Amino acid sequence: MCSNFENNELFENAEVPQTGNQKNYSVCKKCDKSSFVLLQKKDPFCKSCFYEYCRHKFRSTIGKSNLVPHKSNVLVAFSGGLSSSALTDLLIDSIQNPDSHKKLHLHPSFVFVNGCHLLCKERKDLSNVQFNEIGRMFKTGFKCFVTSLEMCFQSDGTFYEQITSETQFPLTNNDCQQKWFDSFESLNSLTAKEEYIRRTRHLLIMEIAKREKCPFVFLGSSGSRLAVNLLTDISQGKGNQLQNEVGFCDDRHEVKCLKPMREFVKKEILFWAKMRDVVYEEKRNLTTQLSKKATLSRLTESFITGLEESFPATVYTIVRTGNKLKPLANSSKTCSLCLSQVDEPKDNYSAIDALNDTLRLSRNSTNEDINKFENLCYGCKTMIRDSNNSANIIPELIRCKQREIIDDFLLK
Ligand SMILES: [Zn+2]
Ligand SMILES: [Zn+2]
């Protein structure tokens, strides 16, 4: 298991609470065994009570939504990081539970979207890169798939494949890699690049789920991650999309995207991984070793982590507030890139009008360019505003989708 300074910090916090009598925390709050973890600086749990607490929370998050029928096919997005590895372990544990009342009746399959080789500044020789994630996913014994971020520029259905061996290499090709680098490098800010990776990864996963007849996708997003995403999205002007981004179910796509880890904070996931010996590896990403101010999301993360030190319920509060947010009005237009609703301002000159005018004036764009922007939501437009060459940003997968919609419409 990988560990970093953050883990150690959390483990220490568990043993030495800052307030109250230390003796109170040494015994589990549910039984009289010695405690293993202290949650929210006030709830000590022993190993077996913590195990039941996590399993119950996981099952009830899925169960209370009443969205996932028995024996459904679900595609689990596996990145190999802490949260998705814990999700995989919790899911398999719940599926194999000998107690039939507590058993989850689901048919999982897994997908890994490789992107690490594209994020390094110097383009590495791929043959030297080892993909431990593929081996770990393969060992689950369920159906597994693999693709790479750049494959969203593949125009036919061969953008992913099933894994048949532990040492299989992620699918890639030079043409798609070139297109990916061109569009990725045309984005000027790190925030836009992070957002672009998030969007294209999501797109690939949803498309694979659709083709593999999985009506549901499980994401490993924890409450801590969702709180960061929520505040980052607000600061990027994505008000209309917040409900889908932070809620349990995102139904913008044909496939429903669910977040069964949304009630867990990072500390709970860390202790689950420690207790169950879950192997995980946090890979280098765009902002590794950069300052706190490198991207909006990094800055938000450090803000929330700072708040949590004094107010342990910060993440819960943000996520619960997010649950109550609803879009102002239903719109018939959907964004070409993220498929969320596009605001249709009716009366006054709005922020989206201002952004359209800025794009027109700053780029001296042709009408064709402007039409491309018209189909994007405010959030995606601000991302593309940071791009030198907006024409290449939309992945081939989306273009195919748009053509299918037009063909369907013409046939009808
Ligand atoms: Zn206990
Ligand atoms: Zn969008």
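**Entry 1: a bridge between neighbours.** I started at valine 76, whose bridge partner in strand 4 is phenylalanine 110. The model is predicted, so I read each detail here as a property of that model. I then counted six bridges joining strand 3 to strand 4, and the two run parallel. Beyond residues up to four places away in sequence, valine 76 touches Leu87, Thr88, Leu91, Pro108, Phe110 and Phe218.

Entry 2: Next I traced how the chain gets across: strand 3, helix 3 and strand 4 form a right-handed β-α-β unit. Helix 3 (residues 82-95) lies across strand 3 (72-77), strand 4 (106-114) and strand 7, and I noted an angle of about 155° to strand 3.

Entry 3: I wrote down the strand order as 6-5-4-3-7-9-8, an open sheet of seven strands with mixed pairing. Strand 6 (161-162) and strand 8 (249-250) are the edges, each pairing on one side only. Further along, strand 7 (residues 216-218) and strand 9 (residues 256-258) run parallel and are joined by three bridges. Phenylalanine 218 has leucine 258 as its bridge partner in strand 9. Helix 7 (residues 190-211) packs on the sheet, where I saw it touch strand 3, strand 4, strand 5 (144-148), strand 7 and strand 9. Its direction makes about 140° with that of strand 4.

**Entry 4: the core.** Which residues have the most contacts inside the largest nonpolar core? I listed Leu75, Val76, Val111, Ile205, Val217 and Phe218, in a core of 86 residues. Helix 7 gives the largest share of this core, with eight residues. The core also draws at least three residues from each of domain 1 (25-66) and domain 2 (68-281 + 293-332). A reminder to myself: in soluble globular proteins, nonpolar side chains tend to be buried together.

**Entry 5: stepping back.** Of the contacts between residues at least 6 apart in sequence, 69% join residues at least 24 apart.

Notes: Residues are numbered from 1 along each chain as its sequence is written. Chains are lettered from A and ligands numbered from 1 in the order in which they are written. This is a predicted model: local features need pLDDT of at least 70, side-chain atom pairs count only at pLDDT 80 or more; totals for chains, interfaces and linings use all residues. Two residues are in contact if their C-beta atoms, placed from the backbone, lie within 7 Å. Two strands pair if DSSP finds at least two bridges between them. Helices (H or I, at least four residues) and strands (E, at least two) are DSSP runs, numbered from the N terminus. Axes are lines fitted to C-alpha atoms, for helices over the stretch in contact, and angles run from 0 to 180 degrees between N-to-C directions. A nonpolar core is a set of buried Ala, Val, Leu, Ile, Met, Phe, Trp, Tyr and Cys residues joined through C-beta atoms within 7 Å. A residue is buried if 20 or more other C-beta atoms lie within 10 Å of its own, exposed if 12 or fewer, and partly exposed in between; C-beta atoms are placed from the backbone. Domain bounds come from an automatic or database domain assignment. A crossover is right-handed if, with the strands pointing away from the viewer, the path from the first strand over the helix to the second runs clockwise.
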